[in-house]
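Have a look at it first, then read on.

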Amino acid sequence: MLEFDTITAISTPMGEGAIGIVRLSGDLAVETVNNVFSGKDLTTVDSHTIHYGTLKYPDTGEIVDEVMVSIMRAPKTFTREDVVEINCHGGVVAVNRVLELILDQPDIRLAEPGEFTKRAFLNGRIDLSQAEAVMDLIRAKTDRAMNVAMSQMEGRLSRLVRELRQQLLETIAAVEVNIDYPEYDAEEMTQAIVEEKAGEVKHILEQLLETAKQGKILREGLGTAIIGRPNVGKSSLMNTLVQETKAIVTEIAGTTRDTIEEYVNVKGVPLKLIDTAGIRETEDIVERIGVEKSRKALEAADLVLLVLNGHEGLTVEDEALFEAVKDMNAIIIINKTDLPQNMDSSKLEKLAAGRPIVATSLLLDEGIDALEAAIANLFFAKGVESQDMTYISNARHIQLIKRTIGQIDEALGSAVMNMPIDMVQIDLRRAWDTLGEINGDTVQESLIDQLFSQFCLGK
Ligand SMILES: Nc1nc2c(c(=O)[nH]1)N(C=O)[C@@H](CNc1ccc(C(=O)N[C@@H](CCC(=O)O)C(=O)O)cc1)CN2
Ligand SMILES: Nc1nc2c(ncn2[C@@H]2O[C@H](COP(=O)(O)OP(=O)(O)OP(=O)(O)O)[C@@H](O)[C@H]2O)c(=O)[nH]1
Ligand SMILES: [K+]
Ligand SMILES: [Mg+2]
């Protein structure tokens, strides 16, 4: 284990809660808390036990809080260092007072964001992709996103990366051995070996890359823009899907002025729903900015819910919107089916161009199930989603995998062109290095600092 100073931070969210936790990690953790603790002698208690007492300033005797203190001794701890967790009363003031008391003690400093997890990494308990998964887990918005993060935290991606790196090493070794058999044509053999062994690694990496889009969606939600003319019922749809009144609904066209985002889980599909201002020509400056934002949201969307008014039928503006979503994933929603209908269905079929059409009455809560089913169908039809699959979702991992594939391609190219064998080996070695950055085997310190700094304080 490496030598580090002792750090502390509040590890629970700031705000009102029954209990808050101030955590310490490092050699001085137990001694420091013991010095401000009235109760048992914490320096002699068994590891992984919890103790009742009060915290006091040692010099003045001023009582700070009534607490439960967990003592966890290295190495079987979150950081692999001595860890102490003070369970104090929740609420911003109580927790901060305990933190102040601890920071008042000699040689203790406030942890940087992510520093506890960083120590778990630097002390070898987890690798970099597992540490990143800890963060993903905290940020997960849905069950599925959480499952992906959990599997990465348990080391599924780490194992795969290790196996693939091993395979690259074996390729390098096989190429090397081959140099020693002058009775064969070394270049020809090299080509065959690289094509077979490194080619297989490349194939697996490409498959992994295929999961990235799905992984990103699981993590961030499928960006879903609700688009349509003013007053067709976009905000009503938003509220229905999130099952809460998040957006203002009125009979006045132009009610929604700004985009509103909400996360929602529709039949297991995580959506980042964006309600937008009704798109129309307008003189109103605020509304015009809203319309502009709607167009931007539309451009960035993974999925469009295009809402029409079945009572009014298709208008020129609707046709313009169909034009704008021409090449996009879209579900067409004919709303207001409770009113007399004026939809030209053959024209609509043409505009929809094979994309699903769903009829709803948001007023009567009808057609919602069919809409949700259409969303789930779109998402799962692509046939990814398998419980025992390794997903990648992290932008850093995606970059590294792309780069590794490029380097394997270079090795393949060199081999095919009968380049000197050490050239091929250099390319393979590079690929091996790049892949190692995923679990942190070959990563630079500055990058590690930067990655952990994105964590929350106290994690
Ligand atoms: N109070 C508290 N609850 C918490 C955490 C914490 O740090 N404190 N965690 C923080 O994220 C999560 C649990 N994650 C943890 C992961 C590893 C170890 C740990 O001590 N691992 C050791 C020993 C395991 C064992 O006893 O077998 C190890 O892997 O060596 C602890 C917590 C969620 N709940
Ligand atoms: N009859 C009927 N009225 C509906 C239905 N859905 C929404 N409305 C009404 O239509 C009006 C406009 O609904 P909103 O949800 O505000 O429409 P919007 O598209 O968000 O409107 P803007 O934000 O102004 O563009 C409100 O009075 C709703 O109550 C429906 O299915 N049937
Ligand atoms: K409205
Ligand atoms: Mg609206």
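## Around ligand 1

In ligand 1, a nitrogen atom is 2.6 Å from an N or O atom in the side chain of Glu85. Keep in mind that this is a predicted model. As for cover, ligand 1 has 680 Å² of accessible area on its own, and the protein covers 48% of that.

Who else is in the neighbourhood? The residues around ligand 1 are Arg23, Lys76, Thr77, Phe78, Glu85, Arg125 and Lys459. Sorted by class, that shell holds five charged residues, one polar and one nonpolar.

## Around ligand 2

Now hop over to ligand 2, which sits in the largest pocket. Here 23 residues do the surrounding, and the closest are Lys234, Ser236, Gly254, Thr255 and Asp338. Which helix gives the most to this shell? That would be helix H8, residues 234-242, with three residues. By class, the shell around ligand 2 is made of eleven polar, eight nonpolar and four charged residues.

Several contacts go to oxygen atoms of ligand 2. Ser236 places a polar side-chain atom 2.6 Å from one, and an N or O atom in the side chain of Lys336 is 3.0 Å from an oxygen atom of the ligand. Thr250 takes part through its backbone, with an N or O atom 3.4 Å from an oxygen atom of ligand 2. On its own, ligand 2 has 660 Å² of accessible area, and the protein covers 90% of it.

## The potassium ion

Ligand 3 is a potassium ion, and its protein donors are Asn231 (OD1), Thr250 (O), Ile252 (O) and Thr255 (OG1), lying 2.6 to 3.0 Å from it. Along the sequence, the donors follow the spacing N-x18-T-x1-I-x2-T.

Asn231 lies in the loop between strand S8 (222-228) and H8, while Thr250 lies in the loop between H8 and strand S9 (260-266), so this pair ties together parts that are 19 residues apart in sequence.

## The magnesium ion

How far apart are the potassium ion and the magnesium ion (ligand 4)? They are 4.9 Å apart. The magnesium ion is coordinated by Ser235 (OG) and Thr256 (OG1), at 2.0 to 2.1 Å. Ser235 belongs to helix H8 and Thr256 to the loop between H8 and S9, so these two tie together parts that are 21 residues apart in sequence.

Most residues other than glycine have a negative phi, and most peptide bonds are trans. With that in mind, check the bond that joins Ala74 and Pro75: it is a cis peptide bond, with omega at about 5°. Pro75 is in the loop between strand S5 (63-72) and strand S6 (83-89).

Then there's Asp107, which has a positive phi of about 60° although it is not a glycine. You'll find Asp107 in the loop between helix H2 (92-103) and strand S7 (108-110).

Note on methods. Residues numbered from 1 in each chain as written. Chains lettered and ligands numbered in written order. Predicted model: local features only at pLDDT ≥ 70, side-chain atom pairs only at ≥ 80, totals over all residues. Heavy atoms only, no water. Near = heavy atom within 4 Å. Polar contact = N/O pair within 3.5 Å; in protein donor to acceptor, adjacent residues only side chain to side chain. Areas by Shrake-Rupley, 256 points an atom, 1.4 Å probe, with all protein chains shown as cover. 1 Å grid on protein atoms, 1.4 Å probe; cavity = no way out; pocket = protein on both sides within 12 Å on 5 of 7 lines; lining within 4 Å. Sits in = over half its atoms within 2 Å of the grid points. Helix = DSSP H or I, 4+ residues; strand = E, 2+ residues; numbered from the N terminus. Nonpolar A, V, L, I, M, F, W, Y, C, P; charged D, E, K, R; others polar. Donors = N, O, S within 2.8 Å, 3.2 Å for Na, K, Ca; no water.
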